[in-house]
Amino acid sequence: MNANPLPDMVRGIAERKIRVIDLTQTLTPDFPQIELPPEMGQCWPFRLEEVSRYDDRGLAAYWNNFSCGEHTGTHFDAPIHWVSGRNLPNNSTDTVPVENMVAPACVVDCVKHVEQNADFLLSADFLRNWEEEHGKIPPRSWVLMRTDWSKRADPESYQNFDEEGQHTPGPDTDAVRFLVEERDVMGFGSECIGTDAGQAMHLRPPYPCHYYIHGAGRYGLQCLTNLDLLPPTGSVVFTAPLKIKQGSGSPLRVLALVWEG
Amino acid sequence: MATPLKKPKRKNPVLRTRAPMLPPAPRSRISLGLTSGAARGVFELQVCRDCGAVQYPPREACRVCLSDRLDWTPRSGAGELVAHTTLRHAMENYFRERLPWRLGIVKLDSGQASGGPPGQSESGTPSLIVHVHGDCAEPPCRVRVRAMLDRAGQAVLLALPEKDTPHMSDDPQMRELTCNPKFRKVFVTDGKNPVGQAVVRAMVAAGSDLVWVGEAAPWKKIPGFEEIKALPEVTVVDLDVTNPDSVKRCAGQIGPKVDILVNTAEQHRAYTVGGRYGTENARAEMEINYFGLLRLAQEFGPVMMSRGADTETNAVAWVNILSIFALANKPDQSTFSASKAAAHSLAQAMRAGMHKTGVRVINLYPGPLDVEWNQELRPPKVTPAALARAIVAALQGGAEDVYPGDIAKDWYERWRRDPKVLERELAQGE
């Protein structure tokens, strides 16, 4: 790379030849939160309390205090989030190398399968088939599982609980090991509330995506949206978490650049 | 016999909603003893420890022997209505708007012989000035006197017929001195826990016109909720008391249509101070049990207070389910007790404000409930259905502080006697 490509890129964005796509859900108290058994510690949902609104609490200003957990809304999972990644170097939100926050993305369309089966598990064979059509997943790229789950606007169908728990799609153990061990991915992203499937506590090991991805020092993205606006390959995503000291994750604004020509 | 109350017609929307008027509220410090009993649903009079005289009205010293050793003591209230009159003109706006109003004099059965000072009959038996229920016969006749709280939250005495009569609670005076859910619209803030569900069923059984039921986290499948939703009187509304926006939306949606609010939203865990590291759980308890109540009070309080005199089905009551552990901390439910103590304190302030418009704040202080988080406690435990019955009884009966269940009653008595002794007993792991 000799000539500086950045002016071209900026011009491309201004001329809409490069589109900027927001992959982020709006942070609102109405967006559902991960649901854990009630005896466990709980991750806070997003909450907003007014400081003042041009009133006796502050005539000139409108502003809010907000509170939430690190894993609220569209959020980033750092390796330290899981027990398998707890002793790795640069494993928390303040130490993740910034170079890893800009990376290409492969979007794997699972929509038809998920329409048939909310518990759909993305397999290694499914990924190999995808590669036959779109090429090999490049190292250090994100694999984003497109399910259109983000189009489920009401919290009840988004969470999709019954008496046996949550029913949402995710990768199976072989798929995760394939991505980590054979493709060296940057991370795995999902439109659902977790990178793992809703019933993943029954897989072996439980929560394989968390276990293997974070165990390899790689990252997770959850509650993504607008994946249907991305091409299968060729986009670049920006995933900078808040710089929380020893943070296990963080809500973040995920942006993608897409070349439209 | 009281005329059975018919379902009131809908409000004429072109007429002004009348401002709530109150009966005269000031009482002397001594007279508040009568209010203290009425608040618990008990009729108490001063009894002289030295000469045994029963005294009414309350005073600083015994009118017979001048002793100041006077004890508030429960009385049966049995007596005879010796005179009555019907008020047809009043200078007090509250009564002016409610005429005619029946008043009378009751001579109580119990009492001690004395010289018969003013206010005591010849035998020393106190004579009482009372409101008279419409079903009491012409004097002389046998009656039961009860101490009730009026709309200002102060004690008044009401003579009831000796035996219950049909539709007794529909008498206008009874309706005025109680918060009967019959034909009223009730809001149960959380229908997804066993207590909320029991309250919904009890309100429907008590004749509520409509029961709004709050639902947080709609994705959670909770046993019994579908059955509650299916009741014809029930309408489910979104409400998460931890979310200010949700509380505001809910109040905007249904606030003017709530006559009785029962706050059943609760977070309950059982941990000692060191039993749960960190404050996440304690915050969740405060977030729901204390801040949740504060948010509800700020959003629903003003609109309910504006409707204290809104036709026959006005806003009348706000019910808080606190805990006997609000008065003295149960160390193995330490942070829960603390959150309920905070709610208890806030509820006192709410009461001071809401009394001014005739809306009664009713606080329940149950002992351990028979719910999931008390699984490891031995009986006796108050079932959700029993708690719901106690709420309805308080609304129909007129108490504002309720101690349902044996443990609550025992603790309350011990707390009144000596809070320090109770604290130490609880610390010993009673």
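Here are some questions and answers about this predicted model.

User: Hi! How many residues of chain B, in percent, score a pLDDT of at least 70?
Analyst: Good place to begin! The model as a whole scores ipTM 0.91 and pTM 0.94. Chain B averages a pLDDT of 93, and the share of its residues that score at least 70 is 96%.

User: Over which residues of chain B is the pLDDT below 50?
Analyst: Where pLDDT is low, the predicted coordinates should not be read in detail. One such stretch of chain B has 15 contacts in the model beyond near neighbours in sequence, yet its pLDDT is below 50. The stretch is residues 112-116.

User: How far apart are the C-alpha centres of the two domains of chain B?
Analyst: Chain B is divided into domain 1, residues 32-164, and domain 2, residues 185-427. The two domains do touch, with 8 residues of domain 1 in contact with 8 residues of domain 2. On the domain 1 side, the touching residues are 4 nonpolar, 2 polar and 2 charged. The C-alpha centres of these domains lie apart by 33 Å.

User: Which strands are at the edges of the open sheet of 7 strands in chain B?
Analyst: Let's walk across the sheet: the order is β11-β10-β9-β12-β13-β14-β15, with parallel pairing. In chain B, an edge strand here pairs on one side only. The strands that do so are β11 (234-238) and β15 (401-402).

User: What angle does helix α4 of chain B make with β9(B)?
Analyst: Helix α4 of chain B spans residues 194-205 and packs on the sheet. Among the strands that α4(B) touches are β9, β10 and β11 of chain B. The direction of α4(B) makes an angle with that of β9(B) of about 170°.

User: Is strand β14 of chain B buried or exposed?
Analyst: From β14(B), B:Arg360, B:Ile362 and B:Leu364 point one way, while B:Val361 and B:Asn363 point the other way. Since 5 of the 5 residues of this strand are buried, β14(B) is largely enclosed by the rest of the structure. The answer for β14(B) is buried.

User: What is the bridge partner of B:Ile321 in β14(B)?
Analyst: The strands β13(B) and β14(B) pair in the parallel sense over 5 bridges. For B:Ile321, the bridge partner in β14(B) is B:Leu364.

User: Which element gives the most residues to the side of chain B that touches chain A?
Analyst: The contact involves 11 residues of chain B and 13 residues of chain A. The elements of chain B that give two or more residues to this side are α6 (244-254) and α7 (280-306). With 3 residues, the element giving the most is α6(B).

User: Over in chain A, why is A:Ile244 called partly exposed?
Analyst: A:Ile244 lies in the loop between β13 and β14 of chain A. A residue counts as buried with 20 or more other C-beta atoms within 10 Å, exposed with 12 or fewer, and partly exposed in between. A:Ile244 is partly exposed because the number of other C-beta atoms within 10 Å is 14.

User: What separates the C-alpha atoms of A:Ile244 and A:Thr93?
Analyst: Leaving aside neighbours within four places in sequence, A:Ile244 is in contact with A:Glu70, A:Thr93, A:Asp94 and A:Ser250. A:Ile244 and A:Thr93 are 151 residues apart along the chain, but their C-alpha atoms are separated by 5.8 Å.

Definitions and conventions. Residues are numbered from 1 along each chain as its sequence is written. Chains are lettered from A and ligands numbered from 1 in the order in which they are written. This is a predicted model: local features need pLDDT of at least 70, side-chain atom pairs count only at pLDDT 80 or more; totals for chains, interfaces and linings use all residues. Two strands pair if DSSP finds at least two bridges between them. Helices (H or I, at least four residues) and strands (E, at least two) are DSSP runs, numbered from the N terminus. Two residues are in contact if their C-beta atoms, placed from the backbone, lie within 7 Å. Axes are lines fitted to C-alpha atoms, for helices over the stretch in contact, and angles run from 0 to 180 degrees between N-to-C directions. Domain bounds come from an automatic or database domain assignment. Ala, Val, Leu, Ile, Met, Phe, Trp, Tyr, Cys and Pro count as nonpolar, Asp, Glu, Lys and Arg as charged, and the others, Gly among them, as polar. pLDDT is the predictor's confidence in each residue, from 0 to 100.
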